[in-house]
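Please keep the sequence and the structure in view while reading.

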Amino acid sequence: MQQPKTMNLTEWGLLVLLSVLWGGAFFFVGVAVVELPPLTVVLARVGIAAAILLGLTLLLGHALPRRLSAWTPFLVMGLLNNAVPFSFLNAGQTMVSVGLASIINGMTPLFTALIMASFREERLTMLRAVGVALGVAGVVFISRPDASMADARLLGIGLCLAATLSYGFAALWGRRHLADVPPLTSATCQLLTSTFVMSVVCAIFDRPWALPMPSPEIWMALFGLALFGTAIAYVVFFEILTRAGASNVMLVTLLIPVTALLLGNVFLGESIRGYELAGAATIGLGLLFIDGRLLRWVVRVISERLVGSGRRQGP
């Protein structure tokens with residue numbers, strides 16, 4: 001089993017950029033759901049992003065699957081990684097703040113660790129188990145209901161948690177069925193299948209053609225969500241994945257809530273509550289336990305100092 005790679009300044013810069021792109025996605029959704037139904041926002045997000053990545057895929061000469069059966073892995077991945085979690089998150093953000101939704105999204109690696117262990121893909125070590133427990137404690141912190149809208153807020157938290165669970169199963173599916181597929185092809189095909197699925201769903205439930213025309217601000221939010229929060233974010237994500245590995249790219253979840261909290265506070269006037277910060281810090285601590293590198297570094301430094309001190313005190 002390989003140790004995580006040490007990232008250079010360029011890779012750390014890409015990680016910060018990805019956190020801004022994905023943190024901004026929560027902000028754009030928070031703007032868009034003011035006027036549009038959550039499912040329609042998902043359709044716009046995956047549809048525009050699919051068109052962008054399809055153009056890039058064809059420009060670079062990547063081939064798309066020719067057989068219908070070859071699209072099945074992408075269809076399942078599109079459901080687990082896009083259609084289902086985006087729908088849950090968007091619906092959840094009609095009940096909770098941008099910052100809170102992004103904090104709950106930080107639970108993704110915790111659910112992923114449990115799912116990977118349950119399906120015998122990865123061993124659930126003691127550090128990972130402690131990390132999962134801390135993550136659950138963090139959600140308990142941020143789930144403290146407001147007296148004015150306790151039921152709606154708890155439902156919103158539950159929907160966001162369901163989205164993170166879906167992401168965990170997407171990681172399992174991708175590992176088992178898409179490991180050998182070029183990253184850009186995988187991203188493009190899953191977005192294309194997601195667009196097909198969400199077109200059918202929206203035609204049944206939202207009937208977008210009958211909705212009032214959105215304001216210019218909403219159109220800007222939709223294009224920002226698709227271009228920056230989905231298409232470009234996927235490209236940056238796979239670049240980090242290729243350069244620094246999966247363990248390093250997962251660290252972005254520590255940074256996303258900071259970006260989303262700040263954007264929601266500055267542009268949407270959302271207050272940042274103390275117990276939400278406490279919950280975010282607890283989830284972040286859980287992620288550090290799951291990642292393990294910081295703790296291993298601390299143990300190594302302490303051990304080296306103890307050994308050095310013992311040598312100095314020796315005869």
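The model is predicted.

Q: What makes helix 2 and helix 3 oblique to each other?
A: The axes of helix 2 and helix 3 cross at roughly 135° and come within 9 Å. An angle must be over 145 degrees to count as roughly antiparallel, and the roughly perpendicular range ends at 115. The value of roughly 135° lies between these limits, and helix 2 and helix 3 are therefore oblique. Their crossing is right-handed.

Q: Where do helix 2 and helix 3 meet, and how many charged residues does the contact hold?
A: Pro38, Leu39, Val41, Val42, Arg45 and Val46 of helix 2 meet Asn82, Ala83, Phe86, Ser87, Asn90 and Ala91 of helix 3. The contact has eight nonpolar residues, three polar and one charged. Arg belongs to the charged class, and Arg45 is among the residues from helix 2.

Q: What describes the packing of helix 3 with helix 8?
A: Two packed helices are described by the angle between their axes and the distance between the axes. For helix 3 (residues 72-92) and helix 8 (residues 183-205), the angle is about 65° and the axes are 8 Å apart. Helix 3 passes helix 8 in a right-handed crossing. Among the residues in contact are Phe74, Leu75 and Met77 of helix 3, and Thr185, Ser186 and Cys189 of helix 8. The residues of this contact divide into nine nonpolar, nine polar and no charged.

Q: How do you know whether Thr195 is buried or exposed?
A: Thr195 has a relative accessibility of 19%. The cut-off for a buried residue is under 20%, and Thr195 therefore counts as buried. Thr195 lies in helix 8. Leaving out residues up to four places away in sequence, Thr195 touches Leu43, Val46, Gly47 and Ala50.

Q: Why does Thr40 count as buried?
A: The relative accessibility of Thr40 is 9%. A value under 20% is required, so Thr40 counts as buried. Thr40 belongs to helix 2 (residues 38-59). Its contacts, apart from neighbours within four places in sequence, are Cys202, Asp206, Pro208 and Leu211.

Q: Why is Gly264 called buried?
A: Gly264 has a relative accessible area of 0%. Buried means under 20%, and Gly264 is therefore buried. Gly264 is found in helix 11. Apart from residues up to four places away in sequence, Gly264 touches Val98, Gly269 and Glu270. Gly264 and Leu100 are 164 residues apart along the chain, and 9.6 Å separates their C-alpha atoms.

Q: Where is Leu263, and which residues does it touch?
A: Leu263 is in helix 11 (residues 252-267). Not counting residues up to four places away in sequence, Leu263 touches Gly23, Gly24, Phe27 and Leu268.

Q: What is the secondary structure of the protein chain, and what share of its residues is buried?
A: The protein chain has 13 helices and zero strands. Buried residues account for 45% of its 315 residues. Of the contacts between residues at least 6 apart in sequence, 89% join residues at least 24 apart. The chain exposes about 15,800 Å², of which carbon and sulfur atoms supply 69%.

Definitions and conventions:
Residues are numbered from 1 along each chain as its sequence is written. This is a predicted model: local features need pLDDT of at least 70, side-chain atom pairs count only at pLDDT 80 or more; totals for chains, interfaces and linings use all residues. Side-chain values use heavy atoms; hydrogens and water are left out. Helices (H or I, at least four residues) and strands (E, at least two) are DSSP runs, numbered from the N terminus. Buried means under 20% relative accessible area, exposed over 50%, partly exposed in between (1.4 Å probe, protein chains only). Contact means heavy atoms within 4.5 Å. Accessible areas come from the Shrake-Rupley method with a 1.4 Å probe; for residues, only the protein chains shown count as cover. Axes are lines fitted to C-alpha atoms, for helices over the stretch in contact, and angles run from 0 to 180 degrees between N-to-C directions. A crossing is left-handed if the near helix is turned anticlockwise from the far one by less than a right angle, and right-handed if clockwise. Angles under 35 degrees count as roughly parallel, over 145 as roughly antiparallel, 65 to 115 as roughly perpendicular and the rest as oblique.
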